[in-house]
Amino acid sequence: MFFSPRFIMYIYGCLHYFFSLIFYPHLMHKLSLDISQFYRSAQLGQELRHHLLKIQQQYPNYIREVQGRGLFNAVELNSKNLRPVSAYDICLQLKERVLAKPTHDTIIRLTPPLSISLDELQEASKALSDVLEHDLPKMQKAKPEHVSPTSSNICDRCIE
């Protein structure tokens, strides 16, 4: 019978953690802390997705999909209705209030820290809603439609 190296390393990691708790009982508080952080992440992530889904219902033309697990969440934008604005432009508008990372011109990744409060989550979702309501129409009018998408996406290191 053969086991994959990945499975063997998984078993080794589990046994190492288990025996370290037996031989070093003062580490037991670490286990309870890890479990409480896991549940907190799941609870806060669910709350964040709830707020993001409300925003999606408000702006179905702009937001195509909301997905995530725990506090790792993403908002996929509808590029046809946002044109010529991209996820990068929206993240620039959010940068004073929310830590957001654009991906592939149409996805905004939101990964708040585990120490975030429910009030801060509500502020973050309100910030996204405000950008979509107030700033996006202004950006669409101000930005020229026929800008080459490849020129804006190339970083300084890629030009060489």
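Q: Which residues is Ser41 in contact with, leaving aside its neighbours within four places in sequence?
A: A contact means heavy atoms within 4.5 Å. By that rule, Ser41 is in contact with Gly70, Leu71 and Leu114, once neighbours within four places in sequence are set aside. This is a predicted model: local features need pLDDT of at least 70, side-chain atom pairs count only at pLDDT 80 or more, and totals for chains, interfaces and linings use all residues. Residues are numbered from 1 along each chain as its sequence is written, and side-chain values use heavy atoms, with hydrogens and water left out.

Q: Where is Ser41 found, and what does its side chain reach?
A: Ser41 is found in helix α2. Helices (H or I, at least four residues) and strands (E, at least two) are DSSP runs, numbered from the N terminus. The side chain of Ser41 reaches the backbone nitrogen of Leu71 at 3.5 Å.

Q: Is Ser41 buried or exposed?
A: Buried means under 20% relative accessible area, exposed means over 50%, and partly exposed lies in between (1.4 Å probe, protein chains only). Ser41 has a relative accessible area of 18%, so Ser41 is buried.

Q: How many helices and strands does the protein chain have?
A: The protein chain has six helices and four strands. Along the sequence they follow the pattern α-α-β-β-α-α-β-β-α-α.

Q: What share of the protein chain do buried residues make up?
A: Of the 160 residues in the protein chain, 32% are buried. The accessible surface comes to about 11,700 Å². Carbon and sulfur atoms account for 59% of that surface. Such areas come from the Shrake-Rupley method with a 1.4 Å probe; for residues, only the protein chains shown count as cover.

Q: What share of contacts joins residues 24 or more positions apart?
A: Take the contacts with a separation of 6 or more. Residues 24 or more positions apart account for 58% of them.

Q: How many residues does the largest nonpolar core have?
A: In soluble globular proteins, nonpolar side chains tend to be buried together. A nonpolar core is a set of buried Ala, Val, Leu, Ile, Met, Phe, Trp, Tyr and Cys residues joined through side-chain atoms within 4.5 Å. Here the largest such core has 30 residues, and Ile90 and Leu132 have the most contacts inside it. Two or more residues come from each of α2 (28-58), β1 (63-69), β2 (72-77), α4 (87-94), β4 (107-110) and α5 (118-142). Helix α5 gives the most, with eight residues.

Q: Which residues does Leu132 touch?
A: Leave out residues up to four places away in sequence. Leu132 then touches Ile55, Tyr59, Tyr62, Ile63, Ile90 and Pro137.

Q: Where does Cys91 lie, and which residues does Cys91 touch?
A: Cys91 lies in helix α4. Cys91 is buried, with a relative accessible area of 6%. Beyond residues up to four places away, Cys91 touches Ala100, Lys101, Pro102 and Ile108. Cys91 and Ile108 are 17 residues apart in sequence, yet their C-alpha atoms are 7.3 Å apart in space.

Q: How many salt bridges does a search of the whole structure find?
A: A salt bridge is a side-chain nitrogen of Lys or Arg within 4 Å of a carboxyl oxygen of Asp or Glu. The search finds three. In one of them, Arg64 pairs with Glu76, with the closest N and O atoms 3.4 Å apart. That pair links distant parts of the chain: Arg64 is in strand β1 and Glu76 in strand β2, 12 residues apart. Arg64 is partly exposed at 46% relative accessible area, whereas Glu76 counts as buried at 18%.

Q: Which residues are linked in a network of salt bridges?
A: Arg97, Lys126 and Asp130 are linked in this way. The Arg97 and Asp130 side chains meet at 3.8 Å, N to O. Arg97 lies in the loop between α4 and β3 (100-103) and Asp130 in helix α5, so the pair ties together parts 33 residues apart in sequence. Asp130 also meets Lys126, at 3.2 Å, N to O. Asp130 and Lys126 are about one helical turn apart because they are four residues apart in helix α5. Asp130 counts as buried at 18% relative accessibility. Arg97, at 47%, counts as partly exposed, and so does Lys126, at 48%.

Q: Which residues form a nonpolar patch on the surface?
A: Patches are made of residues with over 30% relative accessible area and no salt bridge; like charges are joined within 9 Å, nonpolar side chains (Val, Leu, Ile, Met, Phe, Trp, Tyr) within 5 Å. Phe7, Tyr10 and Ile11 form the nonpolar patch, with about 300 Å² of accessible area together. Phe7 is found in helix α1 (residues 5-23). Phe7 is partly exposed, with a relative accessible area of 38%.

Definitions and conventions. Polar contact = N/O pair within 3.5 Å; in protein donor to acceptor, adjacent residues only side chain to side chain.
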